[in-house]
Amino acid sequence: MADFVLPAQQSLIAGNKTPADVTRDICHSLEGRPTPLWWGGFLVAFSLLLLGGAAVTYEVATGIGTWGVNRTVGWAVGITCFVFWIGIGHAGTLISAILFLLRQRWRTSVNRSAEAMTIFAVMCAGVFPMIHLGRPWMAYWLFPYPNTRGSLWVNFRSPLVWDAFAIGTYFTISLVFWYLGLIPDLATVRDRLCCGFRHKLASLLSLGWNGSFRTWHRYESVYLMLAGLATPLVLSVHTIVSWDFATGIIPGWHATIFPPYFVAGAIFSGVAMVLTLVLVARKTMRLEDYITIRHIDVMCKLLLLTSGIVGIAYATEFFTALYSTGPFEEFAFLNRAFGPFGWSYGIMVSCNVLVPQLLWFRKVRSNLWMVFPISILINVGMWFERFVIIVTSLHRDFLPSSWTNYRPTPIEISMLLGSFGLFFTLFLLFCRLLPVVAMAEVKGVLHVGHERRVELPATPPSFPSVEELEAVGAGTARGGLG
Amino acid sequence: MAEGKTTKYWKSWKEGPGASPLVQISRDEFPEPLDRPAEQFSRRSFLKAVGFTAAVATAGAGCSHAPVEKAIPYLIQPEEIIPGVSYFYATTCGGCSAGCGVLAKNRDSRPIKLEGNSEHPISRGGLCAIGQASLLDLYDSHRLKEPRLDGKVASWEEVDREIIARLAEIRKSVGSVRFLSGTILSPTLNAQIKKFLGQFNDGRHIVYDALSSSAILDAHQETHGQRLLPHFRFDKADVIASFDADFLGTWISPVEFTRDYAAGRRLDTKPLRMSYHAQFESRLSVTGAKADRRVRVSPQELGESMVRLASRLARFAGAPFPLTVNDSASVQDAVLEDLAKKLWQARGRSLVVCGVQDVGLQVLANYMNELLENYGSTVDVARPSLQKGGNDRELQALLDELKGGKVAALFLYGVNPVYSLPHGPQFAEWIKQVPLAVSFADRLDETSAVARFVCPDHHALESWSDAEPVLGHISLFQPAIHPLGRTRAALESFAIWGGQPKTAYDAVRDYWRENIFPRIRGAADFQSFWDRSVEAGFAVVSADPPKTTKFRTTALRDVAKTTVASDKFSLVLYPKVAMLDGRHTENPWLQELPDPISKVTWDNYACFSPRAAQRLGLEEGDVVRVETDAQIGSSPALELPIFIQPGQHDQIIAVALGYGSKGTERFSDIGPKWLFARPDVGEDGRIGKNASPLLSFEDGTLQYIREGVSIRKTGKRHTLASTQTHQSLTLPGNVPLLGGKQREIVRETTLPVLVADAKSPSSEPSKANGLWPPDHPYTGHKWAMAIDLTACTGCSSCVVACQAENNISVVGKDEVVRHREMHWMRIDRYYSGQEDVDVVHHPMLCQQCDNAPCETVCPVLATVHSAEGLNQQIYNRCVGTRYCANNCPYKTRRFNWFNYMREDHLQNLALNPDVTVRSRGVMEKCTFCVQRIEAARIEARRHDKPIADGQIQTACQQSCPAQAIVFGDLNDPSSRVAKLAQDRRRFGVLEEFNFRPSVNYLALVRNREGAEEKGKESQNHG
Amino acid sequence: MNQRVVTLGMCVGLLFSLIALALQAGAWHLPGNQQGYEPIQPIAFSHRLHAGEMQIGCLYCHSGAEVSRHAGIPPASTCMNCHRFVSAPLGALRAEDELARKENRKPRVIVSPEIQKIYNDLALDDRLLRDPQRTPQPIAWTRVYRLPDFAYFNHSAHVDVGVACQQCHGPVETMDRVRQVPDLTMGWCVNCHRTASAAGVASKPVHPSTDCSTCHY
Amino acid sequence: MSRRVVVGVFAEEGGLLGVTRAARAQGLKVIDAYTPYPVHGLDSAMGLRPSRLPWVCFLAAIAGAALKLWFEFWTTMVDWPLNVGGKPWNSLPAFVPVTFEVMVLSAGLTTVFAFLVLARLWPGKRPVLVSHGITDDRFVLVLEESNAQFDLDRVRKLLEKFGAVRVEERLEEA
């Protein structure tokens, strides 16, 4: 990661900001009226959300049969979306926690929105395992609780139970981490306002924060610990998600390479999504000074790296399959590339491996009109990666007699769109209601790259003698007291 | 099925002991058994209650009260009925004219399952798909519940009054009375009809089978001077030559023949003995799929090959061969020579059968059997079969009479000529002109719709009757349930119209006293004989054989050689295993049963060979117009989707009969209703198309082959609902590198190879221990199954038996198209080879793996292993993640995508009260009929003796005519299943993965030279 | 200062409400748990009288319990075995006899209203002969013990190994109207199966399975 | 009882840092400092001992993991052993993931809770701001007038020397 450390003399925040400026800039965007751009985005997102909501309601009321799944392909778009969104979530934690541990101070201006993204993505992800149950109203059976059945517990050998715990933990910890970071900023918001709903909300949530440094002191150690916890957590979560497949016996699922492969993929897609969002937020919220070209550049490099890892994973899968000489294993992968779903495999490879290679060029990285579409394409590609893994492995497994095809129904498509609707609705609301940039943290790094206004005396000043004080004139000294 | 062993079969309560003054009441309360046993009904709506409502209730406060449920006991409980206990009534199957014996499993005074009667002389244990499904017809809400007059519901009194009046007129005026029926097996009914018709000076009984074997009878008229259908004994035949006779699928008496055929191929004898079977046919039939040597011949060449074979046999016999043999060399010569040798060596133990409706060819077949001295051994004319008595000549005569309007009264029994005759529409007109047209149909089919009087007969399970499928083997029908509607047995109707009213019971009993009882030697009194017969369900009595003359060679005649233009096809109309002539077309179980060969459900279609389809540039599902030329009067045409059928002759199109009848319109709402549901029926609102207009009469026989048919594309498409879309175990070609790779899923070998490595040890189940310690020794029972692929013919009776036993829903065409059929037991069908394909039928059900991949992944423990090695599925615990189904390597798990169970109160009486009805959103699968295991366990504990081997029979096993399935306790070394687990042919599917399946398969063996290239191929994947 | 008072008050209130809840908890049922269900029956049949005082064995009426999965509710004909002769409580009959002797006339037939219901349902006239005018009406009892449809229970399996009826149905012979005694939860079944395999039933060793497929299929 | 304190308000983190060091160097008692963001090095300047919260975190983690692991063994091996796909009763590897997740969860939540308790923060608490702009751009140092010989002028000078924009003396309710 060393190449992400910015040279110290380069400033992180453009335009010589003072802490006051920071506060004003960030809070201003909250206090002003939403821009038409915001309204446009919100309306689109919200209508998508409604569409998805309708689809889900219909599906839960009618049956999973409203999806395109069948006796052989039991999982498809639903679980694809689940894995996709979990993946998205990971970048948030990466930026906020891992980069924090790595002392990547440039993260300060993006980590807030990244964390928000994590939480919203996990919410989207969480919806899918629920609604893809045959009997969603029984979902609580996945958790071990004392019951009148004797007691009948859950199957701790099942990856789905691991999932339930992993996702639950991940969501909780991310939320806490995010909220912890918000407290000082909420206090700032609170103190800028005298009254009104926002003020009430801020006063409620800021827990009476008063900037005491003793609190700051504990706060920092807690923050550090949470970051330390979140880091292995984020790795474990996608590892466990990958085990949903890796512990299965289906050729194309049953692979030991899955955990690292999935984690890398997750970070890959996540960073791409952060990039997309940040580029949007930057424009709509006028934060060019805080989210500078340099931030974009760093994230593009991150994309390049993870894309490389994912590419290697694709190659390795094929190699191991062919090397195994197991007819079913070999077939699974040849079928993946050349079978009926070859097209999706094509999309996956081109979007995830070929397109990102453009980012080798600084010109491309610095040209937002290139970066933006690339980031979108990567998201498309990563969605299809999950689709390929799930559907192409399932639709032709062991017995040719049960091979089938799969075609999603409009219901499934609407759910996919709906999840995006949910995500962006939440994100846009967040932009309006909460400071999108971690003000306290940014203030902390303002001086980076600027010479300090005040020179610290090398040694603590010797205590002035009485004479000196006399010389200054004690008379005026009393004035202030009263 | 413990009850089966312990309870003696009851006669009906009419005979029952309790003759108290209150018996009358007990009869009164039977008309509505429907409302009585509350618990059975609630089973149906199980879990649906646990749907949203309960979820909400859970959220709500704790003290919610379930709805009040009433329990309504009998007022007077019939002595022999204990609620919740099953009894077995021995009766006879009314599904077709084969007359197999069945045991009706009765629970709370209604039949809930039909099982083969293992003692019955004809079927001896098996029951076909149709027999299994005929239970559902009993509870069919579309059955007529009362008589009809002029299409309006009427009372029996009115109908009788009218009919009797008209009959009286006819007696005065010399009007001709015609009774048109299918083959009637019941001697009682036949006698009564005879008696009835005798009252008129011109009364005749015409028998007509929609699937006619008339030519065979005619041929014997010519060769043996008696119009009879011999009783073929496949069990005695070591060499079988079949010319287009689908005797394992649909020909005459499939269950019996399958049983006999399998008996000749058991492979458990030392030295190994296996019959040799050569099949000459144009389309790929179930029988052809089993053949050791299958020769694709066009219908035209068929006669040619028979002549060539006959001539060779004559040469061996040193008899002069009267027919001209075209001596141009033919590709088949080698085969025929070889076959002739085999036949000749097996003189008296061989059998030549021919299924073609051509007297000339049938005579030729008789000639060959005569040369081979098969008469008296494998071809029994002393006790001939009565299962097909149709006479197409007389039918034609009747048609002419009707056309001329000469018929005063026409009775139609068990036939639907308007639907199944080539000129159906005219027939409808003619019936309308008949002054007294009476139909006994139990539903408003094409014919009864136009008949003035409809006097619905009982369902076979509702009435007393009898059947004589083979001379001297007489089987009894007895009611298993009080008639559900105001129907009336034909026997009673005739008795009334004949002037001496008599109940069916008395009619049968009296007939037996007078005609059957005398024919039994050393019988004490009639009552005990009757009791025994009713209990057993049949009686075997002596019968004086029909007087046959010695073989008349003069009957031999040259076979007409027709040739078809290369651009024309010849159309082969064939019956499907499930549909036959379409008499069960309204039975959803049979409609959804995949055809054993094509695996297509809910449709008929035009089968083309791959090459033919390629030549015409046709894709599967393209709708083509099948056009006949006008040589025979009318030139009907038919629009059908095409299906590409490997192994079929390139010059023919095969189309199934029995579809497109008016009754199938009911299936428009069979499937679940939702936003994007597609119709379950065709554009015309029916299932498939009726092909019978393409039938034709030629020299006095109904022809199922029509020459000079041309094809025109319509550009339309029609989706076929197939349950299997990949046919081969070799990898698809579009996947490079490994194009021709074989999958080790089904093992196949040849007899010589098997004999050769007779010494080699059996392939033990893999003992590989995997990663973890064996924590789970199965100390008690260890249930397991063995399936003999050599015996299995793919007849699919197990599929329907399973469906009936386990309350498996019907899902409708659209769902099948979406690959959501629910069958727990399916029969995979694979092809190998290119042009002349070999067929493998591979019954596939939950393998009850000891290391079940499905169990590990279920989060809520809804599927776990029992202490007896069962892979349990607990429906009420399942939340429906479908992870288990994904992870099942055999894909035998089925998911309830919708609420498939319908609120059809009548039909749901067929549900098995011991098996939970699954609601939407839960996974289900085969559990080795665990309800039967539990029942046996309880029974065994009561009489505390251990469960004997064979005491538990799974539904599929019980129903299998070939006895290919064996179920039992692997821990009991004496059990059959344990022995078969040591068999040399044993293999487990995908066992290299160490799933430890509890189902052992016995490799498919073909009696064929290992040297043949097919043999090689089968070895290297066998 | 008064803030403290308020807080204190609230705490006390909370404490009280908690205690109140604790007391209620006993009566609280999970949904579907019908424990204590005691419906009114169409005929006020008293098990206390018949099974308790008269000492009639359970299986005399519920004969299915030995051979079938259903214990079964006796058909009216079973009632008639006795009530063909017994038509009213002894006291009532005696009283009528007394009265008759006083008024020296033949005693009238006394039929208690509940028993009369049986006669009506069987469509019997006062001479207990079938009355052709009326049609018999089956008696619609209200089920007390109900298992969900996905749980298979077989009475004979339990009765035959010697499980006493009371073990599941409680002291029915003391009840005038039958009440559901156990909660009939799965845990209740399973725990009995567990203890039974350890302790045995009626001092005989038994091996009740706790496999799912013992009850669920 | 109440005490007198001196409040120095600064506009720069540097001033605060410097004066804190100086004040402590001459034995003035620093009650607390108030800053809009965690000023680097101020903790050492104020001489704060490292927080004990990491121990809380560690113990919570251990406890959570141990408890969960025991629970999984108990449910799958003791309470109701069920044969799941022929897997051994003790499928330790399969128990690891959940154990880990629960460990992280308990550690995280406990730590944060402990922090809120120690820092006396709770929802809706009314903040006591020592000066306006604390949460914006002001840096404040609060010194206690410990004893009689506390010389206010000296202190004021000291504060102003480090660029205090305002110096006040206050009575504080303890």
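Of the 1022 residues in chain B, 67% are buried, where buried means under 20% relative accessible area, exposed over 50% and partly exposed in between, using a 1.4 Å probe and protein chains only. This is a predicted model, in which local features need pLDDT of at least 70 and side-chain atom pairs count only at pLDDT 80 or more, while totals for chains, interfaces and linings use all residues. Residues are numbered from 1 along each chain as its sequence is written, chains are lettered from A and ligands numbered from 1 in the order in which they are written, and side-chain values use heavy atoms, with hydrogens and water left out.

Chain B holds 31 helices and 40 strands; here helices (H or I, at least four residues) and strands (E, at least two) are DSSP runs, numbered from the N terminus. Take the contacts in this chain between residues at least 6 apart in sequence: 75% of them join residues at least 24 apart. Contact means heavy atoms within 4.5 Å.

Asp333(B) sits in helix α12 (residues 333-345) and is buried, with a relative accessible area of 17%. Leaving aside neighbours within four places in sequence, Asp333(B) is in contact with Arg308(B) and Arg312(B).

Glu373(B) belongs to the loop between α13 (359-371) and β14 (379-385). Its relative accessible area of 49% makes Glu373(B) partly exposed. Not counting residues up to four places away in sequence, Glu373(B) touches Arg347(B) and Gly348(B). Between the C-alpha atoms of Glu373(B) and Leu990(B), which are 617 residues apart along the chain, the separation is 48 Å.

**Two helix pairs**

Two packed helices are described by the angle between their axes and the distance between the axes. Axes are lines fitted to C-alpha atoms, for helices over the stretch in contact, and angles run from 0 to 180 degrees between N-to-C directions.

| Helix pair | Angle | Axis distance |
|---|---|---|
| α7(B) (residues 187-198) and α18(B) (residues 490-498) | about 25 degrees | 10 Å |
| α7(A) (residues 213-246) and α3(D) (residues 53-79) | about 30 degrees | 9 Å |

The angle makes α7(B) roughly parallel to α18(B); angles under 35 degrees count as roughly parallel, over 145 as roughly antiparallel, 65 to 115 as roughly perpendicular and the rest as oblique. Their crossing is left-handed, meaning that the near helix is turned anticlockwise from the far one by less than a right angle, whereas clockwise would be right-handed. On the α7(B) side, Thr188(B), Leu189(B), Gln192(B), Ile193(B) and Phe196(B) meet Ala490(B), Leu491(B), Phe494(B), Ala495(B), Trp497(B) and Gly498(B) of α18(B). By class, this contact has eight nonpolar, three polar and no charged residues. Ala, Val, Leu, Ile, Met, Phe, Trp, Tyr, Cys and Pro count as nonpolar, Asp, Glu, Lys and Arg as charged, and the others, Gly among them, as polar.

α7(A) and α3(D) are also roughly parallel to each other, and α7(A) passes α3(D) in a right-handed crossing. Arg218(A), Ser221(A), Val222(A), Met225(A) and Leu229(A) of α7(A) make the contact with Leu53(D), Pro54(D) and Cys57(D) of α3(D). Six nonpolar, one polar and one charged residues take part.

**A buried asparagine in chain A**

Where does Asn147(A) lie? Asn147(A) is in the loop between α4 (108-131) and α5 (159-192) of chain A, and counts as buried at 14% relative accessibility. A polar atom of the Asn147(A) side chain lies 3.1 Å from the backbone oxygen of Tyr145(A), and one lies 2.9 Å from the backbone nitrogen of Arg149(A).

Notes:
A polar contact is a pair of N or O atoms within 3.5 Å; within protein, one must be able to donate a hydrogen and the other to accept it, and residues adjacent in sequence count only if both atoms are side-chain atoms.
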